[in-house]
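The stops below are given in the order in which to select them.

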Amino acid sequence: MNSSVLIESFAEFAKFKNIDRPTMMRILEDVFRTMIRKKWGTDENFDIILNVEKGDLEIWRNREIVDDNSEDIWDHDKIALSDARKIEPDFEVGEEVSEEIQLEDFGRRAVLTARQTLIQRIKDMEKELLFQKYKDLVGEIISGEVYQVWNREVLLLDQDENELLIPKGEQIPKDRYRKGDVVRAVVQRVEIVNGNPKIILSRTSPAFLERLFENEVPEIYDGLIAIKKIVREPGERAKVAVESFDDRIDPVGACVGMKGSRIHSIVRELENENIDVINYTDNLELYIQRALSPAKISSIKIDEENKRVSVFLKPDQVSLAIGKGGQNIKLASRLVDMEIDVFRESEVYEEDISLEEFTDEIEDWVIAELRRIGLDTAKSVLAVSKEDLLRRTELEEETIDDVLAILREELEEEDNQ
């Protein structure tokens, strides 16, 4: 293989991989200098001249002429007078000889190795460029075409046919993928696995929802409205706290849009995820009230030291505060970064019985634990679901079952009398 064929094939491959000319020249020179060092031990006295467009390569070995009996005759940058005169008969001691080295002088095996090395260097550089490109895109939305669907992940291809992955845990549970679908997701992270870049996308990340809002709400993109915090149960419900830096702009109204026009496209993208947009405030009590929307709170007790909040609501508001599967209260707790306990407002129950009346059947420490969360009568305990009692108290499930059974039995007897 001559030099022009080697260089032209490499240049074509490099252009196909979008490698720029200076980088291509540097790789070529590095590979040829490696060949020189393997053959002569050093490349200090060699010049390499490349013309990628024409496929030209010139390698020149520069040495100083010394007398045949000189002690320096074996130095890498010296040549004996007799050897120099074989190149040019009128050379004299002290002059410099520049001898052109042909690619064929390295041997066929070395040339083939050089070709493989060049291709490998480009592939390595392509991996590095891909890694850096997507590392800079972490947190940004990109689109990819579904290429293959597996149980644990989905493989997408970007416009340059680079592979992107959405693991099961980063998919919205309602997502259904088919080959050829175009999917939008946020770049979650980029890793190097076995020398190859692995690009992980996410549709469940709060950053994905944040970028969607930026795309749909110009005021957010322009910095007039800030997203303070996002919490999500992907595909089910999300809460977004927003703040306006312009008193003339209503941040919630701007995010929702006229008749919901802005938020509808986001909701569709997220498989009908229910999104609550909340006006952020430094007033913690008011912020908690907004976080628990749509429930209306009667009163609040805040324990900032233990990061715990007790909210009291009318009975018809409790289910709204807790939400389907406890989603509303979970998201509200995460939004305000405090544990929220929901209590029914103490009411005067008709024919109710104080827990103190059950000391013969229920241990004192159990009654004390129930009173700790604001439940001091039989009906107030029975009005709370077993799941809530498990979550809000330190009682075991078996203990709660026993307590509920005792209270129900007593109240039934009262009703029958």
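This is a predicted model: local features need pLDDT of at least 70, side-chain atom pairs count only at pLDDT 80 or more; totals for chains, interfaces and linings use all residues.

Residues are numbered from 1 along each chain as its sequence is written, and side-chain values use heavy atoms, with hydrogens and water left out.

**Nonpolar cores**

Select Leu28, Phe32, Leu50, Leu57, Ile59 and Leu103. These have the most contacts inside the largest nonpolar core, which has 27 residues. A nonpolar core is a set of buried Ala, Val, Leu, Ile, Met, Phe, Trp, Tyr and Cys residues joined through side-chain atoms within 4.5 Å; buried means under 20% relative accessible area, exposed over 50% and partly exposed in between, with a 1.4 Å probe and protein chains only. At least two residues of this core come from each of helix H1 (3–16), helix H2 (21–40), strand S1 (46–51), strand S2 (56–66) and helix H4 (108–135). Helices (H or I, at least four residues) and strands (E, at least two) are DSSP runs numbered from the N terminus. H2 gives the most, with 8 residues.

Now center on Ile59. Leaving out residues up to four places away in sequence, Ile59 touches Ile36, Phe46, Asp47, Ile48, Glu99, Glu100, Ile101 and Phe106; contact means heavy atoms within 4.5 Å.

Another core, of 24 residues, lies apart from this one; Leu292, Ile322, Ala332 and Val342 are among its members.

**Helix pairs**

Show helix H9 (residues 284–291) with helix H11 (residues 327–336). They pack at an angle of about 150°, with their axes 9 Å apart. Axes are lines fitted to C-alpha atoms, for helices over the stretch in contact, and angles run from 0 to 180 degrees between N-to-C directions. H9 and H11 are therefore roughly antiparallel, a label for angles over 145 degrees. Tyr287, Ile288 and Ala291 of H9 meet Asn328, Ala332, Leu335 and Val336 of H11.

Next, show helix H5 (residues 206–216) and helix H8 (residues 261–269), packed at about 145° with axes 10 Å apart. The contact involves Phe208, Leu209, Leu212, Phe213 and Glu216 of H5, and Arg262, Ile263, Ser265, Ile266 and Glu269 of H8.

**A loop residue**

Finish at Gly180, in the loop between strand S7 (163–167) and strand S8 (182–193). Gly180 is partly exposed, with a relative accessible area of 36%. Its C-alpha atom is separated by 5.6 Å from that of Glu145, 35 residues apart along the chain.

Terms used. Angles under 35 degrees count as roughly parallel, over 145 as roughly antiparallel, 65 to 115 as roughly perpendicular and the rest as oblique.
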